[in-house]
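This briefing takes up the overall fold, the ligand site and a few backbone details. Please keep the sequence and the structure in view while reading.

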Amino acid sequence: MSVIKSVFPTTLKDGRTSDLVTLKNKNGMTLEAITYGCRVTKLLVPDKNGKLGDVILGHKTLAEYQKDYQGAIVGRIGNRIANAEFSIAGTTYKLAKNNGENSLHGGPTGFSHQIFDITEINDSEEPSVTFSYFSEDGHEGFPGNMTFNVTYKLTNDNEWKIKYEIKSDKETIVNPTQHAYFNLSGLHNQNVHDHYLRIDAEEFTVSDEKLIPTGELAKTLNTDLDFTAERLIGDCIAGNHQHLKSCNGYDINFCVKGNGLREIAELSHPDSGRRMKVYTDMPGVQLYTFNQDKAGINKDGSEMVMHGAACLETQFYPNSVNTPSFPFETLKPNETFISETIYKFITD
Ligand code: BGC
């Protein structure tokens, strides 16, 4: 219904500014996104009484966003690459080690920390914005000049649609994801223990203590990782599963069932009546429950709390490039990587 372009208040540490685009649909659902990392800085969705609330954590200043991945598009490779290296066709590529010995979220100057161009704005019934970034051959060690486009669209069914269209002039790898920190209560200094979650996965990728998959898939069924039926997060997050103990919560990739664009998960908050359905064409989703205390200051000035959000990061499994049994393909020149994820909001 409307698109407004402005500038996000405050600057990056080097003084650069970031443009801000506000999309609004006919129901008042509103998405604000900035060109710095395509970060979604606000997402207003109605509760059961029609009252809008901001369901995404974030900050007041760009300098704070520079320290984390909140609301960002993460890439070239979301999640981890073991030993920060991989090979394609006999050539080994080395990346920065920014997570112990491993590479995380595309490296220190990955997409989440770059300023994108706005290349298309569609001010129609269902407004959208396309952000683009040209990542040079060798950027963070990855091969190929890459043209990366991501489009955010709001539909009148209260869907936030994310579409990636990515090209490279050399064979390369890519695994983009959206790193929104959701709290459907609209309150940012409360944990998500009162949220229910369903994930359509009977298996997860077993990982070592550094969160690198061993290659083994294990069953979720009848464990604290079993979300095949809707379940209260507070009832299982303090469970005895070794994974929960070592991560202080969930930080794990689920192997979601099915192929193609399909519903794979649902997060809901009974008090507000807000419910978010997740659709993707990817084989995995990383559930990260923000297992950090006092990680920063919220937009409203309050302190961020342990388990203050749930991230549902749709993606290929972590370290897929080095794990031949995982579903993954390289991106070849003359091909376009196209992928979609949808977060759809309804109320009870
Ligand atoms: C990772 C976490 C990491 C977080 C940072 C998640 O995708 O799995 O281990 O701490 O991102 O924002």
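Which side chain is joined to that of histidine 59 by a polar contact of 2.7 Å? The partner is aspartate 68, whose side chain makes that polar contact with the side chain of histidine 59. The model is a predicted one, and the points below are grouped by topic, beginning with the surroundings of this pair.

- Histidine 59 sits in the loop that runs between strand E5 (52-54) and helix H1 (62-65).
- Because its relative accessibility is 4%, and buried means under 20%, histidine 59 counts as buried.
- When neighbours within four places in sequence are left aside, the residues in contact with histidine 59 are Phe8, Glu64, Tyr65, Asp68, Gln70, Ile297, Lys299 and Met304.

**The ligand site**

- The residues that surround the ligand are Tyr69, Arg80, His105, His179, Tyr181, Leu211, Asp251, Gln286, Tyr288 and Glu313.
- Sorted by class, this shell is made up of four nonpolar, three polar and three charged residues.
- In the side chain of aspartate 251, a polar atom lies 2.5 Å from an oxygen atom of the ligand, while for glutamate 313 an N or O atom of the side chain is 2.6 Å from a ligand oxygen.
- Histidine 105 also takes part, with a side-chain N or O atom placed 3.0 Å from an oxygen atom of the ligand.
- On its own the ligand has 310 Å² of accessible area, and the protein covers 86% of that area.

**Overall architecture**

- The protein chain contains three helices and 25 strands, and its C-alpha atoms fill a box of roughly 60 × 45 × 35 Å along the principal axes.
- The radius of gyration of the protein chain is 19 Å, which agrees with the value near 20 Å that a compact globule of 348 residues would have.
- Of the 348 residues in the protein chain, 58% count as buried.
- The accessible surface of the protein chain amounts to about 13,500 Å², and carbon and sulfur atoms account for 46% of it.

**Backbone details in loops**

- The peptide bond that leads from glycine 75 to arginine 76 is cis, with an omega near 5°, and arginine 76 belongs to the loop between strand E6 (72-74) and strand E7 (80-81).
- Asparagine 158 has a phi near 60°, which is a positive value in a residue other than glycine, and its place is in the loop between strand E13 (146-154) and strand E14 (159-168).
- With a relative accessibility of 9%, and thus under the 20% limit, asparagine 158 counts as buried.
- Asparagine 222 likewise is not a glycine and has a positive phi, of about 60°, and this residue is placed in the loop between strand E18 (213-219) and strand E19 (231-232).
- Asparagine 222 counts as exposed because its relative accessibility is 78%, where exposed means over 50%.

Definitions and conventions
Residues are numbered from 1 along each chain as its sequence is written. This is a predicted model: local features need pLDDT of at least 70, side-chain atom pairs count only at pLDDT 80 or more; totals for chains, interfaces and linings use all residues. Side-chain values use heavy atoms; hydrogens and water are left out. A residue is near a molecule or strand if one of its heavy atoms lies within 4 Å of it. A polar contact is a pair of N or O atoms within 3.5 Å; within protein, one must be able to donate a hydrogen and the other to accept it, and residues adjacent in sequence count only if both atoms are side-chain atoms. Accessible areas come from the Shrake-Rupley method with a 1.4 Å probe; for residues, only the protein chains shown count as cover. Ala, Val, Leu, Ile, Met, Phe, Trp, Tyr, Cys and Pro count as nonpolar, Asp, Glu, Lys and Arg as charged, and the others, Gly among them, as polar. Helices (H or I, at least four residues) and strands (E, at least two) are DSSP runs, numbered from the N terminus. The radius of gyration is taken over C-alpha atoms; the globule rule is 2.2 Å times the number of residues to the power 0.38. Buried means under 20% relative accessible area, exposed over 50%, partly exposed in between (1.4 Å probe, protein chains only). Contact means heavy atoms within 4.5 Å.
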